[in-house]
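Trainee: I have a structure open and would like to go through it with you. May I put some questions as we go?

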Amino acid sequence: MNDKQSVSTTINGHVYTADCEPRLTLADFIRHQCGLTGTHLGCEHGVCGACTIMVDGRTARACLMLAVQADGCTITTVEGMADGDRLTPLQEAFWNNHGLQCGFCTPGMLMCATELLESNPDPTATEVRERLSGNLCRCTGYDSIVTSVLDAAEKQRS
Amino acid sequence: MTITEPVQSQTKYTGARIRRTEDPRLLAGRGQYIDDVTVPKMLQAAVLRSPHPHARITGIDTSRARALPGVFDVITGQDLAAVADQQPVIWFPIPEQRIARTHALAVDRVRWVGQAVAAVVATDRYVAEDALELIEVSYELLPVVADLDAALAPDAPKLYDDWPDNVSGSLTYRNGDADEAFASADLVVGGSFSHGRAFGCPLEPRGCIVNWDSFEGTLDVWLSTQSPNLARDLLAEVFDVPVHKIRVRTPHIGGGFGNKFDFYGEEVIAAVLSRRTGRPVKLLEDRAESFVATGHSRDQRLDFEMALSQDGTILGLRGTSYGVLGGALGTVGSGPPWASVLTSMGPYKIPNLELHLKAVVTNRAPYGSYRGWGAPKGNLVHERLIEMAARELGMDRAEIRRKNFPAPEEFPYFTGAIFTYDSGRYADCLDLAMSKVDELGWRERQAEARAEGRHVGIGYSFHIEPSGYGPSRILNLAGLAHSGFDEAVVRMDSGGKVTIYTGQINIGQGTHTIYSQLAADTLGVPMDDVVVVTGDTDSCPYTGYGTGGSRAATLGGAAILRASERLRGKVFRVAAQLLEASPDDLQIDSGTISVRGTSGPSVTTRDVGDAAYRRLLDRLPDDEMPTLEEVDVFDPVNMATSFGCAALLIEVDPETGTVSMLDCLQAHDCGTVINPMLVDGQLAGGLAQAMGGALLEELVYDEEARLRTGSFRDYLLPTATDIPPFHFYHQETPAPDIPGGMKGVGEAGTIAGVSLVASAIDDALTEFGVTVTRFPVTPPRLLEQIREATSHKEGSQ
């Protein structure tokens with residue numbers, strides 16, 4: 001069980017290579033082996049969505065994947081969103097609309113909202129709520145998150 | 001020193017919708033939460049928890065766990081008790097209460113599922129969890145007390161052998177003559193209201209890193225806490241270590257909600273493991289553990305009745321609040337059920353009161369703090385009963401509320417039991433909410449839906465939120481073994497920039513932003529010139545209670561205002577020397593100081609900083625001490641009671657018992673609004689939590705006292721599709737006893753939200769005559785109520 005396997009992934013444009021136990025989750029690999037702690041663990045059973053990342057262009061829950069499954073994959077985490085210190089329009093919209101409080105769910109929300117806006121640049125409030133219904137937030141009551149995503153969509157379209 | 005003059009500020013920032021200074025790094029994933037902190041040489045721990053609700057521990061064999069490669073140490077309750085005292089309790093509201101305390105690891109008996117019995121420390125968490133599986137514990141099972149009725153049964157098994165029963169304590173508050181009021185009443189309405197177990201459930205579970213240096217005799221602690229000073233004082237008590245040898249730091253907190261106010265056994269376990277191994281130890285609670293190890297709340301039954309005259313005037317209120325505590329008392333003891341008794345009259349003038357509290361122990365997890373802290377259940381009592389009375393009397397729900405409010409000139413208003421409300425314009429707030437219901441067209445939507453045969457209802461809840469806990473000596477008198485003041489340091493440095501140090505903790509509510517707003521306005525400097533430092537007991541001042549009791553804006557803010565006001569005075573005195581003017585003639589704008597009404601020379605705070613720290617000669621007045629720093633301690637003379645009126649539009653499907661929340665508003669008064677965007681965020685978040693508690697969330701214990709809802713698959717937090725849009729409206733009645741006039745807002749939504757949902761469901765189901773009394777109102781429970789009401793109606797026809 002403890003025989004380590006080599007894992008090599010590209011995360012936010014950098015290649016990370018490490019020998020991992022097969023049981024190591026991708027979330028723990030990203031957080032502790034790669035030092036990218038922006039991906040948060042809120043439940044470790046795939047419900048809260050805080051650990052959502054992009055794997056090969058699609059959202060995935062890092063707590064439900066093993067590191068060895070990500071061998072050869074291209075991953076984006078929340079740290080890979082901003083261009084240097086310039087936030088993306090979506091991040092700016094969360095800032096402008098109080099779309100976060102404690103910030104723990106935020107990385108997952110940003111990932112799912114990014115994916116939504118890529119496929120649907122002009123979503124309705126209902127569509128935003130449905131798309132984010134797999135991501136738990138305990139602070140905001142969601143309304144300001146929905147407003148943030150709609151605001152970002154509008155700015156991106158104009 | 002006392003400031004008697006009101007704070008004169010230019011209010012450039014206060015009251016403005018300013019985006020938060022906290023946000024960019026959080027948005028970029030650069031936050032630092034507890035599990036993001038790594039200390040050199042750190043080990044990781046894990047805790048073995050009892051699978052049984054009540055059992056004697058007859059033996060623990062740790063030998064196989066110890067032998068696992070990578071394991072550094074394994075401890076049991078015996079090991080821990082040799083070096084640590086029992087877990088502290090700080091609230092003793094009931095005189096001569098029996099206080100059930102336990103060690104952080106059970107020594108000989110477990111009293112709830114999930115109670116910690118052993119702990120492992122290893123190279124990493126994976127190995128530590130492997131080792132847990134190798135520990136063998138022998139239990140001798142004991143009879144179980146699963147719920148309130150079981151605890152109070154005459155032949156109930158006892159949790160504590162030396163107690164006469166399972167009652168921790170009882171208390172009664174009387175005012176006026178309740179018996180007389182009920183005897184002479186035209187109408188008495190009553191009910192048994194119950195709220196299931198729930199918890200704050202911050203998305204980030206709790207955690208700590210403790211480094212016990214046996215050579216220095218110090219404890220260096222990273223802790224996800226809302227109350228670092230309390231944690232430090234309690235660690236000192238538990239280990240008999242001097243307070244100044246303990247340093248508590250807080251990283252970013254991924255939600256607190258009161259759950260991270262309390263002091264937990266895990267910080268003690270980690271400390272013991274660190275002491276024994278000589279290594280820093282990280283101990284995180286995983287999500288599964290959080291359901292049994294983070295403080296539970298809300299679990300309460302409230303049997304109350306209200307006496308009224310025919311015209312709707314409330315004459316009396318009486319009843320009993322049963323607090324369903326766990327197998328040991330948590331940090332706050334029976335505080336929350338006690339607070340629900342004290343708030344059970346809510347915003348209404350009720351001259352005759354007889355209020356009983358009974359705190360009962362069961363084989364459930366300990367009761368702790370959760371946003372609202374008792375007041376949501378107090379709100380259930382007055383809001384449910386007044387609506388039942390309105391129905392009986394055929395009165396409008398707003399009218400009967402308005403009739404019983406104290407008028408603005410009746411404040412300060414003594415409720416009859418402990419609290420004195422400082423100020424209020426309740427009727428104005430009610431009217432504001434009602435006018436917005438009209439503006440939003442809810443009544444038309446309801447009428448249209450009803451015409452289509454749909455069951456759409458409008459609910460209301462008026463709440464009070466006693467905030468700014470509180471006057472230290474009164475809190476002591478009420479049974480708190482801790483204080484309620486707040487201390488702040490405001491410092492201008494040699495470059496003229498400002499740093500605020502406070503003991504308050506940022507748990508996502510945005511204190512860094514609002515403190516910068518307050519200080520920038522008071523000092524007359526740009527907000528960008530202000531930074532806020534929190535979360536380190538070595539560098540930050542003392543906060544009496546912690547971040548809880550809606551204290552951050554009120555008390556923390558007031559201390560910062562007063563310190564900033566005094567600091568501005570010194571800045572002006574130094575500037576006066578530089579400008580060869582009188583301090584009284586100066587003004588400051590964006591950090592530039594000049595003589596009022598002239599276009600003459602000016603200096604900046606940078607010049608003042610330089611004169612106070614570096615080049616003093618001929619520039620700092622001879623009678624001034626170098627440096628620019630002021631300290632303030634604010635201990636309020638009274639609490640600040642905010643209030644609001646919420647309304648909710650919902651639809652109920654009587655075929656399935658499901659409830660859809662369509663729209664929600666709240667008219668609110670928290671005195672001075674520092675940042676409306678953040679106040680709205682507090683209101684929305686609180687309402688959402690209450691809506692979860694009203695409809696979805698319950699820590700269900702079965703008859704064997706085993707927890708049935710121990711994951712997010714069955715403990716249902718509300719999602720974006722469950723929660724409606726929100727609209728907020730503010731009126732501002734400044735708190736008379738708080739400099740700056742702020743009142744608390746953090747708990748408003750949780751207090752109002754549960755009765756709000758109930759009110760809306762009742763209204764939607766008017767034709768069935770349903771009165772919701774049990775929470776959460778799950779679809780099966782609501783269906784049962786609808787069926788009962790239907791058969792009752794048919795039976796009576």
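Trainee: How many bridges join strand β8 of chain B to β29(B), and do they run parallel or antiparallel?

Mentor: Please keep in mind that this is a predicted model. Strand β8, residues 187-195 of chain B, is joined to β29(B) by two bridges, and the two strands run parallel.

Trainee: Which residue of β29(B) is the bridge partner of B:S194?

Mentor: The partner of B:S194 in β29(B) is B:R774.

Trainee: What is the order of the strands in that open sheet of chain B?

Mentor: The order is β7-β15-β14-β13-β8-β29, six strands with mixed pairing. In general, strands of a sheet pair through backbone hydrogen bonds, either parallel or antiparallel.

Trainee: Which strands stand at the edges?

Mentor: The edge strands are β7 (167-175) and β29 (774-775) of chain B. Each has a single partner strand, so one side of each lacks a neighbour in the sheet.

Trainee: Let us turn to helices. At what angle do α7 and α8 of chain B pack?

Mentor: Helix α7 (residues 228-239) and helix α8 (residues 265-277) of chain B pack at about 55 degrees, and their axes are 11 Å apart. The crossing of α7(B) past α8(B) is right-handed.

Trainee: Which residues meet there?

Mentor: From α7(B), B:A231, B:L235, B:V238 and B:F239 meet B:E267, B:V268 and B:A271 of α8(B). By class, this contact of α7(B) with α8(B) has six nonpolar residues, one charged residue and no polar ones.

Trainee: Now the two chains. How many residues of chain B are in contact with chain A?

Mentor: On chain B, 41 residues are in contact with 41 residues of chain A. The most comes from α19(B), with seven residues. The side of chain B that touches chain A has 21 nonpolar, twelve polar and eight charged residues.

Trainee: And chain A itself, what domains is it divided into?

Mentor: Chain A is divided into domain 1 (5-80) and domain 2 (89-157). Taken over C-alpha atoms, the centres of these two domains of chain A are separated by 22 Å.

Trainee: How many residues of domain 1 of chain A are in contact with domain 2 of chain A?

Mentor: In domain 1 of chain A, 13 residues are in contact with eleven residues of domain 2 of chain A. Strand β3 (residues 52-55) of chain A provides the largest share of the domain 1 side, three residues. That side of domain 1 has six nonpolar, seven polar and no charged residues.

Methods. Residues numbered from 1 in each chain as written. Chains lettered and ligands numbered in written order. Predicted model: local features only at pLDDT ≥ 70, side-chain atom pairs only at ≥ 80, totals over all residues. Contact = placed C-beta atoms within 7 Å. Helix = DSSP H or I, 4+ residues; strand = E, 2+ residues; numbered from the N terminus. Nonpolar A, V, L, I, M, F, W, Y, C, P; charged D, E, K, R; others polar. Pairing = 2+ DSSP bridges. Domains from an automatic or database assignment. Axes fitted to C-alpha atoms, helices over the stretch in contact; angles between N-to-C directions. Left-handed = near helix turned anticlockwise from the far one by under 90°.
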